[in-house]
Amino acid sequence: MRRAIELARRGDGAVEPNPMVGAVLVDSDLRSIAEGWHQRYGGPHAEVHALACAGERARGATLFVTLEPCAHHGKTPPCADAVIQAGIARVIVGSLDPFPQVDGRGIAKLRAAGIAVETGLLDDEVRCLNAPFRKLVQTGLPWVHAKWAMTLDGRIASRTGESKWISNPKSRQLTHALRGRMDGILVGIGTALADDPLLTARPTGPRTALRIVVDSQARLPVDSQLVRTAGESPVLVATTIHAPADRRAALEQAGVEVVTLPTTTAVPQVGGPFTASPQSLPSPQVDLRELLLELGRRRLTNLFCEGGGSLLGSLHDAGLLDELHVFVAPKLLGGAGALSPILGTGRSAPPECSSLVDMKIEVLDQDVYIHGRVRP
């Protein structure tokens with residue numbers, strides 16, 4: 001099963017919104033006969049690849065598969081039928097498939113055909129492997145990755161707004177690799193105005209992400225890099241009814257998709273050069289949960305949020321962050337006006353335990369890369 005999990009990971013970035021799945025066929029002495037994994041969305045599933053490779057050797061064999069074989073017609077025929085027709089004697093399943101059209105039906109179909117089925121082997125690891133898929137199926141929301149680069153004193157930009165470059169080339173290279181397997185890349189209008197980012201993966205990865213700007217007033221300039229390249233890579237501006245009609249029209253004429261979403265009242269953000277003043281009245285902002293639901297309806301599985309502090313703070317306050325990618329550079333900025341990565345309301349006291357689970361720490365030249373899932 002661990003080998004099947006390794007194989008499944010090869011589909012990362014190529015199979016979404018489907019789950020990553022790996023399969024291993026073994027004989028009665030547990031010697032490997034064949035392997036397979038789901039390689040691309042719309043293509044054959046892991047079991048079908050393994051069975052095709054095994055041929056007649058599959059008869060009487062045991063199949064280890066990370067996820068329950070499907071029992072419905074989707075992009076491909078049911079895998080449970082293929083397993084039955086191949087004469088498999090026993091199936092070991094890592095985790096059940098939460099997709100409503102499967103969810104135990106594949107197991108039931110195999111057992112009805114006389115195949116011995118066991119479930120739950122390394123279930124926790126398989127669930128972790130496909131956490132983004134599971135979240136999308138069960139909640140309708142994409143899995144939200146948050147990324148930022150900061151100095152040792154926890155700043156993502158100086159008091160004058162300068163942020164290039166806090167992280168080193170190796171960290172930036174990894175950021176581009178992460179972008180290349182995401183369905184969407186999300187920033188706030190403050191970051192879009194300050195940095196004029198392109199938000200593409202360079203070099204390109206297996207996916208071309210939808211570039212999304214949270215922009216309640218539709219302030220994104222038509223001469224920005226995002227708008228000028230909208231014909232090459234899609235751009236979506238999430239705005240509100242408070243956005244002027246002429247600004248919406250200008251963006252749409254330039255090839256940008258503009259979506260009007262419900263609003264929520266935001267508390268003024270304090271702590272950096274792009275934030276409202278403490279005396280500012282609360283202003284209507286894009287309801288981020290409604291935005292995520294819209295992206296979920298479009299079957300976006302992995303969403304990469306690159307800031308800034310106000311947007312990340314709002315996502316954190318709403319409990320919408322799932323995974324963190326943090327690059328810490330051995331540099332100091334200082335200054336009360338320097339920008340922090342997560343603003344918003346925040347917690348009233350430090351958490352009693354780590355905010356991350358399955359945390360990994362890696363040194364990239366002199367930068368420290370901290371990566372883990374947010375504790376529920």
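Q: Thr-160, buried or exposed?
A: Thr-160 is exposed, at a relative accessible area of 54%, where exposed stands for over 50%, buried for under 20% and partly exposed for anything in between, using a 1.4 Å probe and protein chains only. The model is predicted, so local features need pLDDT of at least 70 and side-chain atom pairs count only at pLDDT 80 or more, whereas totals for chains, interfaces and linings use all residues. Residues are numbered from 1 along each chain as its sequence is written, and side-chain values use heavy atoms, with hydrogens and water left out.

Q: Where does Thr-160 lie, and which side chain does a polar contact join to that of Thr-160?
A: Thr-160 lies in the loop between β6 and α7, with helices (H or I, at least four residues) and strands (E, at least two) taken as DSSP runs numbered from the N terminus. Its side chain is joined to that of Ser-158 by a polar contact of 2.9 Å, meaning a pair of N or O atoms within 3.5 Å, of which, within protein, one must be able to donate a hydrogen and the other to accept it, residues adjacent in sequence counting only if both atoms are side-chain atoms.

Q: And α7, which residues there are buried?
A: In α7, residues 169-179, the buried ones are Ser-171, Thr-175, His-176, Leu-178 and Arg-179. They fall on the same side of α7 because they cover an arc of only 160 degrees around the axis, the arc being that of the directions from the helix axis to the C-beta atoms. Pro-169 and Gln-173 are exposed, on the face turned away from that buried side.

Q: What do the buried residues of α7 pack against?
A: They pack against β6, β7 (184-188), β13, β14, β15 (356-364) and β16 (367-374), with contact meaning heavy atoms within 4.5 Å.

Q: Switching topic, how many residues are in the largest nonpolar core?
A: That core has 34 residues, and Leu-295 is among those with the most contacts inside it; such a core is a set of buried Ala, Val, Leu, Ile, Met, Phe, Trp, Tyr and Cys residues joined through side-chain atoms within 4.5 Å. Leaving aside neighbours within four places in sequence, Leu-295 is in contact with Pro-142, Leu-210, Ile-212, Leu-300 and Leu-303.

Q: Last one, how many disulfides does a search find?
A: A search of the whole structure finds zero, a disulfide being a pair of cysteine sulfur atoms within 2.5 Å. For Cys-53, the nearest cysteine sulfur is that of Cys-79, 16 Å away.
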